[in-house]
Amino acid sequence: MMSTLPDISISTERLVLRPFDEDDIDAFAEMMNDEMVTAWTSVPHPYTRDDARRWIAEQAPAERIAGRGIVFAVDEFLTQRLVGIVHLRNTDWRVRSSEMAYVIAPWARGEGYASEAALATAQWLFREQKFERIELRTAADNTASQQVAQKIGCISEGVLRNACIARTRTADDHWTEIRTDFIVWSLLPEDIEGVGEELADSGGFGSYADWN
C-alpha cells in the first residue's frame with residue numbers, strides 16, 4: 001500500500017503552513033522571480049503565472065499523492081500574506097527519511113521565517129509522522145541557507161563535490177549556470193529537542209537574512 005503524508009496545516013506563533021491554492025498564484029510567481037531564488041534553485045526563469053499555476057494545481061498536490069513528500073505554503077499569521085514555501089521531497093518510507101528545502105520571499109527576509117517554518121515542519125514530521133531523519137542540501141556559497149540549517153539544529157555530514165548547479169549573472173546581464181558543491185546536513189529527532197526554547201531565549205528567530 002502506498003504511503004502518503006496527510007493534507008494538513010501547521011501553525012506556529014507567527015506562521016501558518018498550509019496547502020497552496022489558486023489565490024497564491026500571483027504572489028508565488030513574484031516570489032519565484034526573485035534573483036536569489038533564480039540563483040540557488042532550478043526553477044524556470046522568468047517564472048510565469050502559468051508556471052505558478054502548474055505548480056500549485058498539479059505538481060505540488062502530486063508530490064503528496066505519489067508519496068514523494070509534501071509542499072507547504074507559508075503565510076504570515078497576522079497579514080495572511082504568502083512569505084515562503086517548505087518542501088519535503090525524495091521521501092523514503094522504509095527509512096522514514098525526507099529531504100527538506102525552503103524558500104523565503106524577498107519581502108519577508110530578515111524575520112527568521114525560514115527557521116521557524118523549517119523547525120515546525122521537522123517537529124511535525126518527527127513527532128506526528130514518526131520519521132527518523134531529515135536531510136538538507138545547501139549550495140556551498142549559500143550561507144543564508146546554511147545558517148537556517150544550523151539554527152534548527154542540523155549537523156553537517158560532508159560535501160558532495162561538484163554536485164550542485166547554481167546560476168549567476170554574466171557581464172551582459174544574462175543568467176549562466178555554474179557548478180559548485182553541495183553541503184549535506186542531517187536532522188534527527190534528538191537534534192531538535194530544546195531548539196525552540198533556545199531560539200526564544202536568544203531573542204527569537206529573526207537574527208539573520210534567511211531566504212532559501
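**Figure 1. Cys 154 and Cys 164 in the predicted model.** The sulfur of Cys 154 lies 17 Å from the closest cysteine sulfur, that of Cys 164, which is too far for a bond. Cys 164 is accordingly in no disulfide, the sulfur of Cys 154 being its nearest cysteine sulfur at 17 Å. A disulfide would need the two sulfur atoms within 2.5 Å. Across the whole structure, the search for disulfides returns zero. Cys 154 is buried, at 7% relative accessibility. Cys 164 is likewise buried, with a relative accessible area of 4%. The model shown in this and the other views is predicted.

Figure 2. Arg 18 and Asp 75 form a salt bridge in which the closest N and O atoms are 2.6 Å apart. This pair links distant parts of the chain, with Arg 18 in strand S2 (residues 15-18) and Asp 75 in strand S3 (residues 70-76), 57 residues apart. Both Arg 18 and Asp 75 are buried; for each, this means under 20% relative accessible area. A network of salt bridges links Arg 18, Asp 21, Asp 24 and Asp 75. The search of the whole structure finds 15 salt bridges.

**Figure 3. Salt bridge between Arg 169 and Glu 35.** The side chains of Arg 169 and Glu 35 meet in a salt bridge with an N to O distance of 2.9 Å. Distant parts of the chain are linked by this pair: Arg 169 belongs to strand S7 (residues 155-169) and Glu 35 to helix H2 (residues 35-40), 134 residues apart. Arg 169 is partly exposed, with a relative accessible area of 30%. Glu 35 also counts as partly exposed, at 42% relative accessibility.

**Figure 4. Salt bridge between Arg 133 and Glu 157.** A salt bridge joins the side chains of Arg 133 and Glu 157 (2.9 Å, N to O). The pair connects distant parts of the chain, Arg 133 being in strand S6 and Glu 157 in strand S7, 24 residues apart. Glu 157 has a relative accessible area of 44% and is therefore partly exposed.

Figure 5. Glu 132, Glu 190, Glu 193 and Glu 197 form a negative surface patch. One of these residues, Glu 190, is placed in the loop between strand S8 (175-187) and helix H6 (195-201). Glu 190 has a relative accessible area of 54%, so this residue is exposed.

**Figure 6. Cis peptide bond between His 45 and Pro 46.** His 45 and Pro 46 are joined by a cis peptide bond, with omega about 0°. Pro 46 is found in the loop between H2 and helix H3 (49-65). For context, most peptide bonds are trans.

Figure 7. Most residues other than glycine have a negative phi. Arg 96 is not a glycine, yet has a positive phi of about 60°. This residue is found in the loop between strand S4 (82-92) and strand S5 (97-104). Arg 96 counts as partly exposed, at 26% relative accessibility. Lys 130, again not a glycine, has a positive phi of about 60°. Lys 130 is found in the loop between helix H4 (113-127) and S6. With a relative accessible area of 55%, Lys 130 is exposed.

**Figure 8. Leu 136 in strand S6, with Ala 101.** Leu 136 is placed in strand S6. At 2% relative accessibility, Leu 136 counts as buried. In sequence, Leu 136 and Ala 101 are 35 residues apart, while their C-alpha atoms are 6.6 Å apart in space.

**Figure 9. Asn 142 in its loop, with Trp 55.** Asn 142 lies in the loop between strand S6 (133-139) and helix H5 (143-151). Asn 142 counts as buried, at 4% relative accessibility. The separation of Asn 142 and Trp 55 is 87 residues in sequence and 24 Å in space, C-alpha to C-alpha.

Definitions and conventions: Residues are numbered from 1 along each chain as its sequence is written. This is a predicted model: local features need pLDDT of at least 70, side-chain atom pairs count only at pLDDT 80 or more; totals for chains, interfaces and linings use all residues. Side-chain values use heavy atoms; hydrogens and water are left out. Buried means under 20% relative accessible area, exposed over 50%, partly exposed in between (1.4 Å probe, protein chains only). Patches are made of residues with over 30% relative accessible area and no salt bridge: like charges are joined within 9 Å, nonpolar side chains (Val, Leu, Ile, Met, Phe, Trp, Tyr) within 5 Å. Accessible areas come from the Shrake-Rupley method with a 1.4 Å probe; for residues, only the protein chains shown count as cover. A salt bridge is a side-chain nitrogen of Lys or Arg within 4 Å of a carboxyl oxygen of Asp or Glu. Lys and Arg count as positive and Asp and Glu as negative; His and the chain ends are not counted. The place of a charge is taken as NZ of Lys, CZ of Arg, CG of Asp or CD of Glu. Helices (H or I, at least four residues) and strands (E, at least two) are DSSP runs, numbered from the N terminus.
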